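Have a look at the structure first.

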Amino acid sequence: MISYISGIVEYVSEDKIVIDNNGMGYGIFMPTNNLQAIGIGEQLKIFTYLHVKEDAMQLFGFLSQTDLESFKLLIGVSGVGPKGALNILSNLPDSQLQLAIIAGDEKAISKSQGIGKKTAQKIILELKDKVDITEFNTDTPKANIESNNTIDAVSALVSLGYSQSQAYAAINQLEITSDMDVDEILKLALKKLI
């Protein structure tokens, strides 16, 4: 209904901004990491989502269209409301969220306020097929994440104390060939992590 709002930032608080658009102030809830990048008096274009419930209409906003799309995916998961989705995106910016979903890293997702282990598992289960690993980190070659040697290398990195997201991110930066064994992949990935 309201795709975006452009205007001058009049107020910034810990969870929302007020943006003036032609003399009308819109209160827009935003992720913390977006709010930290905004200053009063700044001219902005905020991509928005209007959430309507019985007793209120709330605007949720984002500095990028990709963050808005991630928000919409999250609220499409049963049990995740707009505030929960906003907390997740405050904790995990878009590319980190995608990586956590692909890696099955429920710990990273459940660190968000109001998101428990079961909800994090549900998010991973429902969104895993909707997230494309090739959409982020386009400056580097993509590893074949599904190969057995790569999966074993991820497991080895996790056993060394790295999170699944960190392991997948390191391996995703490698140019892996079919003749590479687990040890070679592991050595290269460790160089990326150090």
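A residue counts as buried when its relative accessible area is under 20%. Keep in mind that this is a predicted model. With a relative accessibility of 0%, Phe 62 falls under that cut-off and so counts as buried. Phe 71 is buried too, again with a relative accessible area of 0%.

These two residues take us to the aromatic rings. The structure has four aromatic pairs. In one of them, the ring centres of Phe 62 and Phe 71 lie 5.0 Å apart and the planes meet at 45°, so this pair is classed as tilted; planes under 30 degrees apart would count as stacked, and those over 60 as edge-to-face. Follow the ring pairs and you will find a cluster made of Phe 29, Tyr 49, Phe 60, Phe 62 and Phe 71.

Charges meet rings here as well. Lys 83 places its charged end over the ring of Phe 29, 3.6 Å from the ring centre. Over the ring of Tyr 4 sits the charged end of Lys 45, at 4.2 Å from the centre.

Now zoom out to the whole chain. Nine helices and five strands make up its secondary structure elements, in the order β-β-β-α-β-β-α-α-α-α-α-α-α-α along the sequence. Along the principal axes, the C-alpha atoms fill a box of roughly 65 × 30 × 25 Å. The protein chain has 194 residues, and 40% of them count as buried. Its accessible surface is about 10700 Å², with 49% belonging to carbon and sulfur atoms. Finally, the chain carries 16 positive and 24 negative charges, whose mean positions are 5 Å apart.

Definitions and conventions
Residues are numbered from 1 along each chain as its sequence is written. This is a predicted model: local features need pLDDT of at least 70, side-chain atom pairs count only at pLDDT 80 or more; totals for chains, interfaces and linings use all residues. Side-chain values use heavy atoms; hydrogens and water are left out. Helices (H or I, at least four residues) and strands (E, at least two) are DSSP runs, numbered from the N terminus. Buried means under 20% relative accessible area, exposed over 50%, partly exposed in between (1.4 Å probe, protein chains only). Accessible areas come from the Shrake-Rupley method with a 1.4 Å probe; for residues, only the protein chains shown count as cover. Lys and Arg count as positive and Asp and Glu as negative; His and the chain ends are not counted. The place of a charge is taken as NZ of Lys, CZ of Arg, CG of Asp or CD of Glu. Rings of Phe, Tyr and Trp (its six-membered ring) pair if their centres lie within 6.5 Å; planes under 30 degrees apart count as stacked, over 60 as edge-to-face and the rest as tilted. A charge sits over a ring if NZ of Lys or CZ of Arg is within 6 Å of the ring centre and within 35 degrees of the ring normal.
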